[in-house]
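Subject: Structure handover

Hi,

Here is the structure for your files. Please open it alongside this note.

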Amino acid sequence: MNKININIYFSLLCSLVFLWGCKKESYPGGEISQYIGILDIRTLYKGSDVTLTRENMDGSDKLAAVVVSDHTGGNMPAGLLVVQDSRRLSKIRGISIALGADAAKYVPGDSVIINVEGAVLKRVNGILQLTGINNSAVTKVASGLKIPLNRVTSSQLLAFPDNYESTLSVVIKGGLDPLPPSPVAIRGEKVLTDGFGNVTVHTENTATFADNTVPFLANYFGIVFNAPSGDTLAPQLRLRSADDVTVLSSAVTLTPLVISGFVNDPISTDANYEYVQLLATQDIDFSVTPYCLVTNNNANASTPTGFPVNGWATGGLRSYKINITSGKVAKGKFCYVGGTTKMIMGDKTTVLSDANWVKVTDYSKVDGDDFGTKTGNLLANSGNAFGIAVFAGTKVTAATVPVDAIFISGGGSIYSAGPPPVGYRITNNDFYDIKDPITLKDQPFFKAGTNSVFLSYLSTDGIFVKLGGVYNPSLGRWVKARTQVNTPITKTSVLAEIEEKDVTTLK
């Protein structure tokens, strides 16, 4: 083959590849699927009604989906059959189908095939729907299918309402804010907080469970619908029945002292310069009500090695305990525990003489209270995980549960499922749950179950890590989860720079 023929051959080949690439629905030797994903159908809607045809569905004409709606509780929009799938890109998407009275014939877990050719895609009362479909276009092929769990936060619902519309979703650890002086019924619209924002739960007055009391703290399963709100759409969660509420707690449990910031890598050497900032959620006299702070270090060189059989009380170079038995702190004020130098970011930086230091110790020269070997690093810099925990009282064993705990990074020998399971115990806070909030299975350790959240390790020195969240003492819970705010500190920085802006606050 000569050079000219080779060039012509490759030009033709490239042209064919280009044409095949432009045709979404097929490729040589392939067949067009009769099933279209719900995600693809939803993307056809651009603000005006769309009639579905084989052409605009790229040759498809059917949906294969699972039913999530349940009309037995009387809280679904009348006449809507709600189905979802994850056919496209494994993303769960849903759609509502205006089926009239026949919608009530189907129950969650029914597998259906729906002929959608000729249906009209439109928004009705804020909800994107397929209209013009009758029951003869729906074929039930199975029942009792397991519906994939779609856990969402209120902030996700607010940011991406279209992604969750007409899907079965669960918002965990939702509660009223403010807490009413007496129990209230769930009927109407109730605004719940889950620590990430607010979500509206809508219950019709005629729903079979309308008079049920709103729990103090619960998981809420339901279908997300969008409702008109001025010029925009606002998502709301509709429960299907009373069983869509899983009660988690019925009482307020206050965390008196929360971790609000720390320095783990000062500008100079770390020895005797690291410290932790704490925020009081109530007035505390430590001489009357003592606490202790424990840190752990899971660098590969920290001994004893292996999984921490005694948890926070492991001692050696793995954990270090500091008792807080004197001093006071007022509700809403910060206090500090750390090295005796009391400097903001290491040697030759500002001395925080006006800060409330409730306990200082030269951890580089003195062993910890009860356990912990003197160390040059109270808070690790290895890249493996280190943790900070606050305990009520001064006795800590492998079984003691902290009142607050956080972890930075996630590497090292942290947790073993056993038997018996061993690791660092966590508490119920904005990051962790002693029981899985969905399955209610025990998970009392960091890295067990869903307890995998940790802050990012910083390799740069000179950073004060603020934990900007909002804690509500009257609810005994976080109404805005803590987020990591890395704040550069110079040698001349002052106390206000770590106690103002982007800090943990009380509501």
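Below is what was found in it.

This is a predicted model, in which local features need pLDDT of at least 70, side-chain atom pairs count only at pLDDT 80 or more, and totals for chains, interfaces and linings use all residues. Residues are numbered from 1 along each chain as its sequence is written, and side-chain values use heavy atoms, with hydrogens and water left out.

The pocket

The largest pocket has a volume of about 1,000 Å³. A pocket here is an open set of points on a 1 Å grid over the protein atoms alone, where a 1.4 Å probe fits, with protein on both sides within 12 Å along at least five of seven lines. The volume is the space filled by probe spheres set on the points, which are joined across faces, edges and corners.

Its lining (residues with an atom within 4 Å of a point) has 40 residues. Nearest the centre lie Lys173, Asn428, Asn429, Tyr432 and Asp433. Strands S9 (168–176), S14 (245–249) and S26 (477–488) each supply at least two lining residues. S26 gives the most, with three. Strands are DSSP runs of E, at least two residues; helices are runs of H or I, at least four; both are numbered from the N terminus.

Asn264

Asn264 sits in the loop between strand S15 (257–263) and strand S16 (275–280). Asn264 is buried, at 5% relative accessible area. Buried means under 20%, with a 1.4 Å probe and protein chains only. Its side chain makes a polar contact of 3.1 Å with the side chain of Asn381. A polar contact is a pair of N or O atoms within 3.5 Å; within protein, one must be able to donate a hydrogen and the other to accept it, and residues adjacent in sequence count only if both atoms are side-chain atoms. Leaving out residues up to four places away in sequence, Asn264 also touches others, including Asp270, Phe386 and Tyr457. Touching means heavy atoms within 4.5 Å.

Cysteines

How many disulfides are there? The count is zero, taking a disulfide as a pair of cysteine sulfur atoms within 2.5 Å. For Cys292, the nearest cysteine sulfur is that of Cys335, 13 Å away. Cys292 is buried, at 0% relative accessibility. Cys335 is buried too, at 0%.

Ile38

Ile38 lies in helix H2 (residues 38–44). Ile38 is buried, with a relative accessible area of 0%. Among the residues that Ile38 touches, not counting those up to four places away in sequence, are Leu63, Val83 and Arg93.

Best regards

Terms used. Buried < 20%, exposed > 50% of the residue type's maximum accessible area, 1.4 Å probe, protein only.
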